[in-house]
Amino acid sequence: MAPEQAAGRSAEVSPQTDIYAAGAVLYRVATGMPPFNEPILDDLLEAIIKADPVPPGELAPELPPNAEAVILKALRNIHNYDRLIVQLKNCHSKLSRFLY
């Protein structure tokens with residue numbers, strides 16, 4: 001769940017929401033854990049809204065730095081569309097180097 005969803009700000013749902021979700025899935029694949037794992041729902045929602053996840057490289061030291069950068073960028077809370085496009089292009093470039 002993206003920060004804007006956790007905060008109940010449905011008007012702010014955007015393409016970044018999907019990117020955040022992809023980042024959460026990549027985080028789980030890379031580390032075996034979700035980005036936030038608080039057992040109490042209110043604490044979980046607050047962490048999603050206010051906190052940064054533990055860098056995935058700390059939990060999975062074998063994770064290449066470029067892959068970690070892609071995951072962390074996807075998990076950022078961005079609502080500026082122009083900035084989002086630039087960051088997507090940068091993520092694509094880094095991910096391409098990691099995968100190919």
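## Contacts and overall make-up

A contact means heavy atoms within 4.5 Å. Among contacts in the chain between residues at least 6 apart in sequence, 54% join residues at least 24 apart. This is a predicted model, in which local features need pLDDT of at least 70, side-chain atom pairs count only at pLDDT 80 or more, and totals for chains, interfaces and linings use all residues. Residues are numbered from 1 along each chain as its sequence is written, and side-chain values use heavy atoms, with hydrogens and water left out.

The secondary structure comes to 6 helices and 0 strands; helices (H or I, at least four residues) and strands (E, at least two) are DSSP runs, numbered from the N terminus. Of the 100 residues of the chain, 31% count as buried, where buried means under 20% relative accessible area, exposed over 50%, and partly exposed in between (1.4 Å probe, protein chains only).

## Confidence

The average pLDDT (the predictor's confidence in each residue, from 0 to 100) is 85 for the chain, and 88% of the residues score at least 70. Confidence is highest in helix α4 (residues 56-59), at a mean of 96, and lowest in helix α6 (residues 81-99), at 72. Where pLDDT is low, the predicted coordinates should not be read in detail.

## The nonpolar core

A nonpolar core is a set of buried Ala, Val, Leu, Ile, Met, Phe, Trp, Tyr and Cys residues joined through side-chain atoms within 4.5 Å. The largest one has 13 residues, and those with the most contacts inside it are Y20, Y27, F36, I48, L63, I71 and L75. Helices α2 (15-31), α3 and α5 (65-74) each supply at least two residues of this core. Its largest share, 3 residues, comes from α2.

Leaving aside residues up to four places away in sequence, L63 touches A30, P56, G57, E68 and I71.

## The largest pocket

On a 1 Å grid over the protein atoms alone, a pocket is an open set of points where a 1.4 Å probe fits, with protein on both sides within 12 Å along at least five of seven lines; lining residues have an atom within 4 Å of a point. The largest pocket is lined by 13 residues, of which A51, D52, P53, L75 and R76 lie nearest its centre. Helix α3 (residues 41-50) gives the largest share of the lining, 3 residues.

## H92

H92 is found in helix α6 and is exposed, with a relative accessible area of 58%. H92 and V70 are 22 residues apart in sequence and 8.3 Å apart in space, C-alpha to C-alpha.
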